[in-house]
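Student: I would like to learn how to read a few features of a protein model. Could we take them one at a time?

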Amino acid sequence: MTPRADQLTTGRLFVLDLSAGAIVSMNTDGSDRKVIVTGCCYPDGVGVDAETGHIYWTNMGVPDLNDGSIERADLDGQNRETIVPEGATFTPKQLHVDKKNGKLYWSDREGMRVMRSNLDGSAIETLVQTGQGEADRRDLTRWCVGITVDPKRGHIYWTQKGPDNGELGRLCRASIDIPWGEKAAHRSDIEVLFDRLPEPIDLELDLANRVLYWTDRGDPPRGNTVNRASIDATPKQDVPEIVLTHLMDGIGIALDVPGNRMFVTDFGGSIYSARFDGSDERMLLQAQGNLTGVAYADIFPNEK
């Protein structure tokens, strides 16, 4: 879709409700709430390409069945299709849409990997493999959960959450492509930016200001928070800044960079907005089920 220059956009949130297996669209103040997709099998990660009018989301499936999948639909939920079929990914979690380069990126939790495909689900690749087999799968420090991408500088970022409240979580970075002659399971370019985090989950990147934001669902005081740090931080030395606290199992995060706003969801069913420094925090909605991923997009009025 190519919009006219005189058309105005409006901000819109797309929120995943795991308990209802649904995707909900709403204004950024929580109004005009619409259920646009139902029947999802434990949805977790969501991304939007407003220009083409598509929403993408991951279905975790049942973890021990290796039946995760990725679907795509129009922004109103119509023309729904499965683009990554069951079994092609184990337990897909957060998803990132690289519109410019035509790629999807996602973390696969029980699959213990970071993956990529074309926007139509073709050409599936494993970029990072942190373990193999059932014995490794029982080691939660290998579980990949959050994902974001810096296409300009050629980096992927992801979280490995570790055990619940285990203080063994990591935030990692690597090149967007596997170094020549290496394999996904044996990469020499992986950096651990932060370790011993309570339980890091979803990631977002403010490319303009070179700052990473992530949720952490571990125990307070460092958990149930939103954190941020410069991508130029010294690995494993600088301390992340906590900008939001008192979440109830914080999961999803989305950024509106021009508007200096972040949107956060928690498993307790609340949706929050705040400025990037944590000020002007507002609870938009509460008791909305078990919420996972959230995406923000500027939408043309006829696409709502």
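Tutor: Start with contact, which means heavy atoms within 4.5 Å. Leaving aside its neighbours within four places in sequence, Ser 69 is in contact with Trp 57, Thr 58, Asn 59, Thr 82, Val 84, Pro 85, Glu 86, Thr 89 and Pro 92. This is a predicted model, in which local features need pLDDT of at least 70 and side-chain atom pairs count only at pLDDT 80 or more, while totals for chains, interfaces and linings use all residues. Residues are numbered from 1 along each chain as its sequence is written, and side-chain values use heavy atoms, with hydrogens and water left out.

Student: Where is Ser 69 found, and is Ser 69 buried or exposed?

Tutor: Strands (E, at least two residues) and helices (H or I, at least four) are DSSP runs, numbered from the N terminus. Ser 69 is in strand E6, residues 68–74. Buried means under 20% relative accessible area, exposed over 50%, and partly exposed in between, with a 1.4 Å probe and protein chains only. Ser 69 has 8% relative accessibility, so this residue counts as buried.

Student: How many helices and strands are there in the protein chain, and what is its radius of gyration?

Tutor: The protein chain has one helix and 24 strands. The radius of gyration is taken over C-alpha atoms, and the globule rule is 2.2 Å times the number of residues to the power 0.38. For 304 residues a compact globule would come out near 19 Å, and the 18 Å of the protein chain agrees with that. The C-alpha trace spans about 50 × 40 × 35 Å along its principal axes. Of the 304 residues, 57% are buried.

Student: Which residues have the most contacts inside the largest nonpolar core?

Tutor: A nonpolar core is a set of buried Ala, Val, Leu, Ile, Met, Phe, Trp, Tyr and Cys residues joined through side-chain atoms within 4.5 Å. The largest one here has 16 residues, and those with the most contacts inside it are Phe 14, Ile 23, Val 46, Val 48, Ile 55 and Trp 57. Strands E1 (10–17), E3 (34–37), E4 (43–49), E5 (54–59) and E24 (291–299) each give two or more residues to this core. E24 supplies the largest share, three residues. Another core lies apart from it, with 13 residues that include Val 211, Val 226, Val 264 and Ala 274.

Student: Where is the place of Thr 91, and is Thr 91 buried or exposed?

Tutor: Thr 91 sits in the loop between strand E7 (81–89) and strand E8 (92–98). Its relative accessible area is 0%, so Thr 91 is buried. Not counting residues up to four places away in sequence, Thr 91 touches Met 60, Pro 63, Ser 107, Asp 108, Arg 109 and Glu 110.

Student: Which residue other than glycine has a positive phi near 55°?

Tutor: That is Asp 32. Asp 32 belongs to the loop between strand E2 (22–27) and E3, and at 34% relative accessibility Asp 32 counts as partly exposed. Lys 236, also not a glycine, has a positive phi of about 60°. Lys 236 is in the loop between E18 and strand E19 (241–244), and its relative accessible area of 52% makes Lys 236 exposed.
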